[in-house]
Amino acid sequence: MSQKRVQLLVLHLTLVGSVLCGNVLIWPTEGSHWLNIKIILEELIQRNHTVTVLVSTAPLFINSSADSPVTFELFPVPFGKHEIDSVIHDMISLWLSHKPTSLTLWRFYKELGKLYERLFKINMQLCDGVLANQQLLAKLRRGRFDVLVSDPVTICGDLIALNLGIPFLFTLRFTPASTVERHCGKIPSPASYVPAALSELTDRMPFGDRVKNVLSYLLQDYIFQSYWGQWDSYYSKILGRPTTLCEIMGKAEMWLIRTYWDFEFPRPYLPNFEFVGGLHCQPAKPLPEEMEAFVQSSGEHGIVVFSLGSMVKNLTEEKANLIAAALAQIPQKVLWRYKGKQPATLGPNTKLYDWIPQNDLLGHPKTKAFITHGGTNGIYEAIYHGVPMVGIPMFADQPDNIAHMKAKGAAAEVDFSSMTTDDLLGALDAVINEASYKESALRLSRIHHDQPTKPLDRAVFWIEFVMRHKGAKHLRPASHSLTWYQYHCLDVVAFLLGCAALGLFVVARCCLFCCGKLGRTGRKRKRE
């Protein structure tokens with residue numbers, strides 16, 4: 001009898017497991033975004049979900065190897081990797097040559113708008129690669145997916161989900177100019193204390209900064225109006241009815257934001273927005289033997305970890321020599337991820353690597369500082385391990401990210417375009433030797449670790465939640481069904497102003513009537 005009960009229990013557990021297993025479709029974004037979403041899909045696989053990734057024939061980082069537990073559905077596109085690399089190169093050049101200031105905002109956003117025109121063409125070709133491929137769509141329908149997880153920096157995941165009749169959710173840091181979250185996600189963004197994306201402002205803004213912030217919001221909306229208008233036309237064509245990008249993107253069940261309050265400034269959010277920042281971070285693992293020996297040779301001075309991310313492969317010879325000369329003057333050993341030509345000024349304390357185990361190095365007890373371009377993934381690894389930073393931001397969200405870390409006291413910043421050897425040396429000396437930077441980094445680390453659940457568990461929970469309940473409509477605010485004038489109560493304001501005007505008109509007419517009557521009475525008495 002006991003054996004039968006055990007068998008029955010095992011059967012029940014097996015059935016429960018099979019019920020909870022889902023079929024997940026991924027619409028990713030390339031570059032560092034893929035490195036982040038890859039962690040989510042690996043955890044989904046660990047929990048016995050089936051994961052399928054849609055990937056084009058021109059991937060940058062996505063490796064569709066045959067031995068992977070992930071199913072990759074490849075679709076053809078009429079462009080190659082060089083076209084994506086070209087846009088990224090031009091975007092970096094734009095930031096370095098036209099860094100936005102109060103006086104150059106218009107020119108910067110105008111040039112950025114031109115870049116997004118090129119991105120639109122590439123993105124639309126990605127969309128057509130799936131939506132115009134009837135054979136692939138039929139195969140996906142047969143797959144009976146439960147949910148689609150999309151990175152909205154590459155637009156179209158929502159259209160694919162609607163075509164397949166499944167719920168979808170987003171995972172992102174923020175979208176271009178952050179207009180999608182504000183207008184499509186309906187996040188409240190008071191310009192008085194919520195800094196616009198790309199503005200490099202904090203939540204403590206004096207009058208001049210608030211002027212810049214308001215202008216940033218207005219310019220973003222104006223410059224990108226044409227870009228979003230093209231998407232409105234495309235979405236209407238695909239769905240066969242008049243619609244807009246925001247109407248469709250606003251149907252997302254959840255928005256998984258890859259930050260947390262250790263990074264963000266306090267601001268209003270909505271119940272279908274969940275913070276999952278740092279979901280890729282983990283305890284440090286042992287270093288390779290040769291690398292560990294180099295680290296240990298640093299003695300009491302420790303090491304500095306230096307990486308400008310996966311998108312910046314090399315520097316000009318002049319810039320590389322400038323950086324190497326600064327690094328040669330510090331007592332710490334330096335591990336520099338760099339694929340370019342070895343700088344002539346490279347010191348004996350600096351070692352170049354094509355690749356470094358960044359998370360494991362940042363978690364090493366001898367690490368004193370992290371020189372970073374300001375990518376969200378690297379910043380969160382530094383927060384996780386409590387390492388102060390020297391930021392050399394280059395493009396996109398990187399200047400904003402470093403501005404956040406500076407405001408929280410955990411980083412110093414060096415301008416890449418105008419940087420001198422002394423600038424970098426001074427920033428390194430401050431971050432390593434001034435105790436406040438380390439204390440701030442450790443404070444952020446304590447905040448990050450002091451959460452009721454791990455960020456990765458939260459991300460997977462909400463994906464599974466959407467699968468279990470076929471969506472999360474109860475978390476979606478009613479603002480999605482309101483027009484812009486209803487959202488801002490402009491119709492109510494117009495009605496109340498009309499009532500006030502009518503009231504004033506009636507009072508004025510009554511006064512005029514009474515004054516006229518009194519005047520006539522007075523004249524009559526005078527004649528009598």
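## Reading the features

Analyst: Accessibility is read against cut-offs, in which buried means under 20% relative accessible area, exposed over 50% and partly exposed in between, with a 1.4 Å probe and protein chains only. Glu-290 has a relative accessible area of 41% and is therefore partly exposed. Bear in mind that this is a predicted model, in which local features need pLDDT of at least 70 and side-chain atom pairs count only at pLDDT 80 or more, while totals for chains, interfaces and linings use all residues. Residues are numbered from 1 along each chain as its sequence is written, and side-chain values use heavy atoms, with hydrogens and water left out.

User: Which residue meets the side chain of Glu-290 in a salt bridge?

Analyst: A salt bridge here is a side-chain nitrogen of Lys or Arg within 4 Å of a carboxyl oxygen of Asp or Glu. Glu-290 meets the side chain of Lys-351 in this way, at 2.5 Å from N to O. The two residues link distant parts of the chain, 61 residues apart, since Lys-351 belongs to strand β10 (residues 350-353) and Glu-290 to helix α11 (residues 289-296). Lys-351 has a relative accessibility of 31%, so it counts as partly exposed.

User: How many salt bridges are found in the whole structure, and which parts are tied together by Arg-47 and Asp-457?

Analyst: The search finds twelve salt bridges. In one of them the side chains of Arg-47 and Asp-457 meet at 2.9 Å, N to O. Arg-47 sits in the loop between α2 and β2 (50-56), and Asp-457 in helix α18 (residues 455-469), so this pair ties together parts that are 410 residues apart in sequence. Arg-47 counts as partly exposed because its relative accessibility is 27%, and Asp-457, at 31%, counts as partly exposed.

User: Why is helix α14 described as largely enclosed?

Analyst: Helices (H or I, at least four residues) and strands (E, at least two) are DSSP runs, numbered from the N terminus. Ten of the ten residues of α14 (residues 376-385) are buried, so this helix is largely enclosed by the rest of the structure; among them are Ile-379, Tyr-380, Glu-381 and His-385. Its cover includes α2 (32-46), β11 (367-372) and α17 (435-449). After α14 comes Gly-386, with a positive phi near 70°.

User: At what angle do the axes of α12 and α16 cross?

Analyst: Two packed helices are described by the angle between their axes and the distance between the axes. The axes of α12 (residues 317-327) and α16 (residues 421-433) come within 8 Å and cross at roughly 40°. Taking contact as heavy atoms within 4.5 Å, residues including Leu-322 and Ile-323 of α12 meet a set in α16 that includes Leu-424 and Leu-428.

User: What share of the chain's residues is buried?

Analyst: Buried residues make up 52% of the 528 residues, in a chain with 20 helices and 13 strands.

Technical notes. Axes fitted to C-alpha atoms, helices over the stretch in contact; angles between N-to-C directions.
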